[in-house]
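Let's take a walk through this protein together. Have the sequence and the 3D view open side by side, and we'll go from the whole chain down to single residues.

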Amino acid sequence: MSDPLVPAAPSPLDGRRILLVIAGGIAAYKCLDLIRRLRERGAAVRAVLTEGGAQFVTPLSVQALTEDRVYQDLWSLTDESEMGHIRLSREADLVVVAPATADLLARMAAGLANDLATTLLLATDKPVLVAPAMNVRMWQHPATQANVALLCQRGVRTVGPNDGPMACHEHGPGRMAEPMEILDAIVGHFSGAAGGRPLAGRHALVTSGPTHEPIDPVRYIANRSSGKQGHAIAAALARLGARVTLVAGPTREPDPPGCTVMRIETARQMLDACLAALPADVAVCAAAVADWRVKGTAGQKLKKDAGGPPVLELTENPDILATLAAAEAGRRPRLVVGFAAETQNIVEYAVAKRVRKGCDWIVANDVSPAAGTFGGRDNTVHLIRGGTVEHWPTMGKEAVAARLADAIAVHLERAGP
Ligand code: PMT
């Protein structure tokens with residue numbers, strides 16, 4: 001029973017107007033549940049049903065759930081006199097496309113306006129969130145990937161698709177995100193976009209950049225991490241109101257605004273700084289920590305002499321992510337997020353790494369040279385939380401960071417104070 005003296009926390013969706021475009025995919029049925037959940041949280045939902053969408057759900061059921069009329073036709077005189085398509089596209093706080101089919105995404109990317117859905121998507125001045133849903137090969141096709149990347153560059157946000165068995169009996173990425181995941185993305189959008197600070201009062205610990213492991217006083221072992229991804233995550237969490245401690249290896253990245261930055265060089269220093277920063281509500285380990293260091297670092301510069309090149313004996317560094325994940329109750333961050341840098345079998349290896357390291361979520365990314373992730377502007381990641389895998393399209397590292405920060409905010413909000 002709720003305590004009458006404690007006012008219920010306002011829902012970030014209270015009074016928000018969502019324009020939901022339902023396109024023609026088998027996942028359209030999930031929109032009925034999405035509408036119900038949005039309305040439960042105080043949002044008003046107005047729906048546009050494409051010709052394809054109407055093959056999967058009836059206008060009557062959508063109308064019953066939205067308690068509003070359903071818009072279907074660009075050329076309907078009644079529609080235009082009651083609510084012109086321009087007004088329809090502007091009288092919303094957020095446009096959500098679910099399911100977003102390969103065809104609709106392609107038409108959005110090309111800027112076509114050949115039905116009501118594409119016309120309003122071209123005419124809108126409001127943010128757009130798409131939930132892709134299609135066959136796995138259609139999702140993986142370079143044309144679809146290019147279309148989604150282009151839309152993301154233009155500011156369109158995505159949720160999903162997920163991995164799993166599909167209606168066409170194939171298996172892989174392409175399943176539309178579940179209604180609760182789409183809801184989370186919508187909540188995350190309003191918490192962040194409204195200048196909300198859903199992480200106020202929370203402490204976030206972030207690691208970023210490489211570590212340098214000395215060989216002698218002038219030489220070291222390093223890797224190619226630039227710190228761009230980790231620093232962007234620290235900045236995104238701070239924007240959402242978190243107090244952020246960023247433990248950074250040697251990078252050229254400027255300190256992100258609003259973060260306390262602890263600069264370190266080696267893995268052991270990074271571990272000490274992380275442990276000193278606890279307790280934290282969330283830890284995100286984006287640093288590329290050297291797995292090994294040189295055993296018995298030379299006190300003086302190694303000399304090139306007749307004895308030939310020195311043999312370097314390596315010893316294992318502490319694992320910071322695994323240590324944080326295994327910290328005792330009270331000190332363990334409520335949510336521990338690792339990264340998995342892989343060059344092959346990316347999702348498969350990352351799933352195993354999450355279990356091995358004991359973290360709650362792991363963000364898998366391809367670090368093969370062709371992907372250009374190390375030091376590059378963009379990243380293509382897969383978010384693995386427990387048994388679910390969400391494939392995100394290629395995005396700028398800031399966009400990856402913003403979306404991860406939104407997901408963290410929603411998770412912590414659900415988990416309570
Ligand atoms: O810095 P950028 O140029 O922007 O590039 C971003 C990035 C590729 C470095 C980043 O997105 C990324 O993938 N970071 C993790 C790199 C890494 O070391 O991955 P890994 O698979 O080897 O390690 C798995 C996890 O364990 C990581 O969270 C890592 O921080 C952590 N780890 C690893 C070894 C160790 N001794 N301690 C750790 O905490």
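What follows starts with the domains, moves to the nonpolar cores and ends with a few strands.

Keep in mind that you're looking at a predicted model. The chain splits into two parts, domain 1 (17-191) and domain 2 (203-415). Their C-alpha centres sit 35 Å apart.

So how do the two domains meet? On one side, 19 residues of domain 1 make contact with 12 residues of domain 2. Interfaces are often sized by the accessible area that is lost when the parts come together. Here domain 1 and domain 2 bury about 1300 Å² between them, with 47% of that on carbon and sulfur atoms. There's charge in the picture too: the count between the domains is two salt bridges.

Now for the inside. The largest nonpolar core holds 63 residues, and Leu237, Val284 and Leu404 are the ones that touch the most other members. Helix α14 (residues 397-415) is the biggest giver here, supplying eight residues to this core. The core also takes at least three residues from each of the two domains, domain 1 (17-191) and domain 2 (203-415).

Which residues does leucine 237 contact, once you set aside its neighbours within four places in sequence? They are Leu199, Ala204, Val206, Ala242, Val244, Val284, Ala405 and Ile408. There's also a second, separate core of 32 residues, and Ile35, Leu129, Ala131 and Ile182 are among its members.

Last stop: strand β20 (residues 381-385). Is it mostly covered or mostly open? Mostly covered, with four of its five residues buried. Strand β20 has partners to look at as well. With strand β18 (residues 361-366), β20 pairs in the antiparallel sense over five bridges; in that pairing, tryptophan 361 has arginine 385 of β20 as its bridge partner. Strand β21 (residues 388-391) also runs antiparallel to β20, and four bridges join them.

Finally, follow the chain from β20 into β21. These strands form a hairpin with two residues between them. In that turn, glycine 386 has a positive phi of about 55 degrees.

Conventions: Residues are numbered from 1 along each chain as its sequence is written. This is a predicted model: local features need pLDDT of at least 70, side-chain atom pairs count only at pLDDT 80 or more; totals for chains, interfaces and linings use all residues. Side-chain values use heavy atoms; hydrogens and water are left out. Buried means under 20% relative accessible area, exposed over 50%, partly exposed in between (1.4 Å probe, protein chains only). Two strands pair if DSSP finds at least two bridges between them. A nonpolar core is a set of buried Ala, Val, Leu, Ile, Met, Phe, Trp, Tyr and Cys residues joined through side-chain atoms within 4.5 Å. Domain bounds come from an automatic or database domain assignment. Contact means heavy atoms within 4.5 Å. Buried area is the accessible area (1.4 Å probe) that two parts lose on being put together, summed over both. A salt bridge is a side-chain nitrogen of Lys or Arg within 4 Å of a carboxyl oxygen of Asp or Glu.
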